[in-house]
Amino acid sequence: MSVAAVVVAGGRGTRFGGPKQFARLGDETVAALSVRHARSVASLVVLVTPEGYDGNGEGADVVVTGGTSRAASVRAGLARCGDADIIVVHDAARPLASDHLFASVVDAVRRGADAAVPGLPITDTVKNVEGSGDTSLIRATVAREGLVTVQTPQAFRRDLLVEAHASTPEATDDAALVEALGARVVVIPGERANVKITQPGDLERVAAPPRQGTMRVGHGFDVHRVSDDPRRVLMLGLIEIGGAPGLVGHSDADVATHALCDALLGAANLGDLGRHFPDNDPISRSALSTAARRDAAAPARRGLRRHLS
């Protein structure tokens with residue numbers, strides 16, 4: 001089944017203070033990112049733009065001027081989709097919708113659904129209010145069981161979407177038009193990251209780099225043989241163990257502390273303890289781990305701060 005996509009970028013961005021769909025995110029515009037993700041499933045991508053658009057097409061195959069409403073803009077794009085079997089409609093202001101999400105809604109239609117939309121369960125308490133702003137008055141608490149918030153991309157059988165737009169020309173989203181026909185619309189899991197840019201602060205949040213995991217794993221070990229020298233003190237984990245033979249080593253041979261330091265250095269990709277305190281360095285000869293010279297340890301400390309910050 002062939003797929004075409006309509007990326008709706010016809011809004012004026014009144015709340016944003018300008019056409020948000022053409023704001024830049026790194027090297028691309030918001031609309032260009034949405035077009036790129038739509039192309040992951042569609043052989044034809046139609047971009048619907050506001051009147052007067054003079055851009056480069058944002059990577060779309062076809063650019064068409066939208067109408068006075070969102071539904072009218074979708075119809076303008078739909079008219080340029082040829083005979084594709086499945087139509088994907090996506091708001092350009094959702095540039096973080098993943099390729100996987102696009103594939104999921106298309107696959108749902110290929111498996112027999114008339115339409116598929118991404119949805120997220122509502123986790124906050126929902127109130128029915130009257131008025132707005134500081135004068136709002138709660139009228140009722142709405143049961144949230146069975147409620148979801150709906151996102152785009154949304155996928156449809158082309159014939160049903162065309163019929164829906166001809167029968168009920170206006171709705172808040174295309175799924176509502178298809179629902180009015182009594183069609184089978186399924187909900188697939190949406191994505192929390194798939195936010196819609198509406199206010200300037202939304203663009204800042206979308207542009208912020210994702211927080212990467214900071215967990216690092218390092219393995220360390222140390223081996224020293226038992227010393228025949230009765231003067232050697234056994235140190236384990238910075239603790240002097242009385243009445244036990246010491247270990248042979250250039251410094252205090254504290255295998256527990258040295259293994260821990262090796263693990264920390266390894267997690268920071270800074271080599272091992274011998275790199276920073278070689279056994280031919282007179283500074284560390286017979287040194288105790290509890291009183292290592294600060295100037296000798298400084299390079300390793302600086303490296304750990306840099307790599308683990």
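This is a predicted model: local features need pLDDT of at least 70, side-chain atom pairs count only at pLDDT 80 or more; totals for chains, interfaces and linings use all residues.
1. L238, in the loop between β13 (234-236) and β14 (239-241), has a phi of about 70°, while A253, in the loop between β14 and α7 (255-267), has a phi near 60°.

2. As to the overall architecture, the protein has 9 helices and 14 strands, and 41% of its 309 residues count as buried. Of the contacts with a separation of 6 or more, 64% are made by residues 24 or more positions apart. The accessible surface comes to about 17300 Å², and carbon and sulfur atoms account for 53% of that area.

3. The largest nonpolar core contains 28 residues, and those with the most contacts inside it are V3, V7, V41, V45, V88, V106 and A155. At least two residues of this core come from each of β1 (3-8), α1 (30-38), β4, β6 (86-91), α3 (99-110) and β12 (185-189), with α3 giving the most, 6 residues. If residues up to four places away in sequence are not counted, V106 touches V3, V41, I86, V88 and A155. A second, separate core has 24 residues, including V64, L78, V117 and V178. In soluble globular proteins, nonpolar side chains tend to be buried together.

4. Strand β5 (residues 62-65) can be examined residue by residue. Side chains in a regular strand alternate between the two faces of the sheet. In β5, V62 and V64 form the covered face, and V63 and T65 form the uncovered one; V64 also belongs to the second core. The strand runs parallel to β4 (residues 44-49), to which 4 bridges join it, and T65 is the bridge partner of T49.

5. The count of salt bridges comes to 10. One of them joins the side chains of R70 and D174, at 2.8 Å from N to O, and it links distant parts of the chain, since R70 is in helix α2 (residues 70-78) and D174 in helix α5 (residues 174-179), 104 residues apart. Within this pair D174 is buried, with a relative accessible area of 2%, whereas R70 is partly exposed at 25%. Salt bridges that share partners also join R70, D91, D174 and K196 into one network.

6. E28 and R36 meet through their side chains at 2.7 Å, N to O; E28 is partly exposed at 23% relative accessibility, and R36 is partly exposed at 44%. R231 pairs with D229, the closest N and O atoms being 3.2 Å apart; here R231 is exposed, with a relative accessible area of 71%, and D229 is partly exposed at 26%.

7. A last point concerns the cysteines. The model has 0 disulfides. C81 counts as buried, at 3% relative accessibility, while C261 is partly exposed, with a relative accessible area of 26%.

Terms used. Residues are numbered from 1 along each chain as its sequence is written. Side-chain values use heavy atoms; hydrogens and water are left out. A disulfide is a pair of cysteine sulfur atoms within 2.5 Å. Buried means under 20% relative accessible area, exposed over 50%, partly exposed in between (1.4 Å probe, protein chains only). Contact means heavy atoms within 4.5 Å. Accessible areas come from the Shrake-Rupley method with a 1.4 Å probe; for residues, only the protein chains shown count as cover. Two strands pair if DSSP finds at least two bridges between them. A nonpolar core is a set of buried Ala, Val, Leu, Ile, Met, Phe, Trp, Tyr and Cys residues joined through side-chain atoms within 4.5 Å. A salt bridge is a side-chain nitrogen of Lys or Arg within 4 Å of a carboxyl oxygen of Asp or Glu.
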